[in-house]
Amino acid sequence: MSMLQFLATSQRLVVSTPTGWQLVITFPTLSVLYHYRQVSNSDVEAGGVLMGRLLQPDQVGSVENVTEPGDGDRQTRYSFFRSKRHNNEVRRYWKSTNKTGTYLGLWHTHPEAKPTPSMTDISDWQKAIQRDRYSAPALIFAIVGTDELGIWSGGVRQEPDLIGRWKWDLKYV
């Protein structure tokens, strides 16, 4: 089985990590990410945080919500700086879900068809793995490209590694 599998009947993307942990990305989340693709030469990078629930903490999780770019963020064609506002939104999400919603990872865009992490991205992901507080076995990192969504995963004992790529399919998003 592929490490990324789109289930058309339930319209969700299933991410299977090398450690056996699975994460489902819901259709509304995919739609938000798709909306931020950098398809025009004037589009700037966008980014945020992936949030959701751990249904079985060591086995299954679900990305149900994301933070979006806004006040305090810095965006250019080739960079995105995430402000502290995103952390505040994660805290609000946690409270609004009766402490069942959690931080699952990070996302941002690239102005390329097949997104590839830069050295800055990898460094930021490694810092997130070491410094951030998270309940999942690993963090998920998504890069939204113009033609594909790339998904990486990394944890305390696992360097960020490519899980797979999913070609955006317009009939689903």
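In what order do the elements of the protein chain run from the N terminus on?

## The overall layout

The order is β-β-β-α-β-β-β-β-α-β-α-β-β-β. That gives the protein chain 3 helices and 11 strands, where helices (H or I, at least four residues) and strands (E, at least two) are DSSP runs numbered from the N terminus. The radius of gyration, taken over C-alpha atoms, is 15 Å, close to the 16 Å that the globule rule gives for 173 residues, so the chain is as compact as a globular protein of that length. That rule is 2.2 Å times the number of residues to the power 0.38.

## Where this comes from

This is a predicted model: local features need pLDDT of at least 70, side-chain atom pairs count only at pLDDT 80 or more, and totals for chains, interfaces and linings use all residues. Residues are numbered from 1 along each chain as its sequence is written, and side-chain values use heavy atoms, with hydrogens and water left out.

## A look at helix 2

Now take helix 2, residues 85-96. His 86, Val 90 and Tyr 93 are buried here (under 20% relative accessible area; exposed is over 50%, partly exposed in between, with a 1.4 Å probe and protein chains only). They cover an arc of only 60 degrees around the axis, which puts them on the same side of helix 2; the arc is that of the directions from the helix axis to the C-beta atoms. On the other side, Arg 92, Lys 95 and Ser 96 are exposed.

What do the buried residues of helix 2 pack against? Their partners are strand 4 (47-56), strand 5 (60-66), strand 7 (79-81) and strand 8 (101-109), with contact meaning heavy atoms within 4.5 Å.

Terms used
Expected span 1.5 Å × (residues − 1).
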